[in-house]
Amino acid sequence: MGMVQSLIDGLIVFMAAILLLFAALLGALRFSRAAKSRQIQKMRERLICLLSREAETQRMKNGLIDMVRPGGKEISAGSMSGSGGIEGIRGIRSLRGLQVISETADELTSPQERARLALAVGGEWYARYLKKTLIGGTVDSIVLALKLTGSLGLRQFVPDILTQIYCYRSTTQVQHIGMLSLCLLGAEKELVSICRDQTVASLLSFRTLEELFDRYQGDRERLCKALIDSAADQYIRRTCIKTIGERGYARLAASVQRYLTCGKPNVQIDAVRALGQLRYRPAYEQIRSFASDENWEMRLTAATALGLYGVEENIEPLLFLLCDSQWWVRCRAAEALTQYPNREELLRRVEATNDRFAGEMMRFALDKDALFQMEAAGGRSAGEATPSALDKDTLFQLELAGSRSAGEAAPSALDKDTLFQLELAGSRSAGEATPSALDKEALFQKEAEE
């Protein structure tokens with residue numbers, strides 16, 4: 001009997017061991033299946049990334065966002081090892097990676113996140129790739145690298161940027177993005193060096209140079225002072241003149257005044273406009289004399305400048321310009337005269353000119369000014385039409401009504417953008433087609449061809 005009991009106990013232990021073994025095998029099988037499932041998922045993601053550019057781009061962008069967001073992996077200026085840093089983002093050191101970093105940098109609004117991204121990209125691991133790209137990459141990759149160094153403020157790459165501008169001096173895109181990066185980095189010495197170098201012919205338009213100067217992060221007044229008389233390219237000098245006027249750099253007004261007698265109509269017009277904005281008294285008599293210039297664009301600019309000096313003291317030359325044969329000159333003179341303090345006296349003096357077109361232009365300018373004043377003051381009554389309610393064609397037809405001489409082209413032929421761009425019309429020489437004959441595309445194309 002005891003032997004039977006022992007046998008039964010042995011069988012029980014044996015069965016328990018078998019059950020434990022099967023349980024362990026079942027757990028191991030479950031774990032291996034889960035691991036295999038994760039591996040298959042990763043392989044699937046990689047396959048999708050290989051087949052889809054968008055998926056690969058999004059994967060890199062997600063990695064960058066995870067890295068720079070609060071609570072992300074600690075970033076140091078040295079090598080960033082570890083799967084949480086930039087090294088852990090597969091394929092980031094590639095042309096597509098440069099594009100993703102550039103796009104991500106543009107999308108980040110937090111200064112802290114941009115600083116973390118700059119620290120990662122400027123670190124040793126990724127900086128080696130950037131430098132390699134700048135030295136031996138394609139034009140597309142070089143442009144992306146140049147843009148990235150400027151937008152993220154990586155000043156250690158300033159010598160490399162300068163080298164690329166000189167190496168690709170005949171490539172407009174490299175010159176543009178290279179100059180933009182130097183402006184974003186506030187690299188005054190390097191910018192002055194390039195702009196003064198006669199061997200580096202500027203391939204950039206006047207408008208592009210204006211945009212670059214607007215993005216400059218250093219002392220803009222000091223940059224203008226350094227370049228207004230020494231820049232190798234006329235467009236750069238004109239950009240300095242325009243910036244001096246718009247930014248109110250009165251200490252540089254004397255440098256601008258010298259260009260009133262340079263003999264180049266485009267530059268003279270820029271100088272008149274800038275000095276008017278500065279209200280620079282030593283140049284007043286010269287600017288007043290331009291009211292009778294043979295170039296209608298110069299007369300137009302002089303009308304605006306004289307208005308800035310003071311309407312009351314310039315009432316006579318402005319009335320003279322109000323009777324001009326050119327529609328745009330009359331328009332600018334009327335706009336300046338709206339600042340005259342005594343409206344009744346102004347209208348009497350306008351009527352005394354016996355010029356019907358001058359009178360109609362003046363009345364229209366006063367009506368338009370009154371509408372805008374009411375809108376600004378919030379003094380509109382219920383249901384009253386506001387200037388913003390007028391469509392483009394209606395506004396142009398109002399300006400047109402009785403305000404042009406026989407045979408003069410109508411401003412209604414211009415689109416809205418062209419109307420406002422004509423404020424900068426000083427960039428064309430005498431004898432060119434009048435603005436009313438140019439559409440927007442032709443105007444921009446003509447500026448580019450200069």
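Mentor: Let's go through some helices and their packing.

Trainee: What should I know about the model and its numbering?
Mentor: This is a predicted model, where local features need pLDDT of at least 70, side-chain atom pairs count only at pLDDT 80 or more, and totals for chains, interfaces and linings use all residues. Residues are numbered from 1 along each chain as its sequence is written, and side-chain values use heavy atoms, with hydrogens and water left out.

Trainee: Is α17 (residues 315-322) enclosed or open, and why?
Mentor: Largely enclosed by the rest of the structure, because six of its eight residues are buried (under 20% relative accessible area, 1.4 Å probe, protein chains only). Helices here are DSSP runs of H or I, at least four residues, numbered from the N terminus.

Trainee: Which residues of α17 are buried?
Mentor: I315, P317, L318, L319, L321 and L322. They pack against α15, α16, α18, α19 and α20, with contact meaning heavy atoms within 4.5 Å.

Trainee: New topic: how do α7 and α9 sit?
Mentor: The axes of α7 (158-167) and α9 (188-196) come within 11 Å and cross at roughly 10°. Axes are lines fitted to C-alpha atoms over the stretch in contact, with angles from 0 to 180 degrees between N-to-C directions. The two helices are therefore roughly parallel (under 35 degrees).

Trainee: Which residues meet there?
Mentor: V158, L162, I165 and Y166 in α7 meet E190, S193 and I194 in α9.

Trainee: And T133, what does it touch?
Mentor: Leaving out residues up to four places away in sequence, T133 touches L98, S141, I142 and A145. T133 lies in α5 (124-136) and counts as buried, at 6% relative accessibility.

Notes:
Buried < 20%, exposed > 50% of the residue type's maximum accessible area, 1.4 Å probe, protein only. Parallel < 35°, antiparallel > 145°, perpendicular 65-115°, else oblique.
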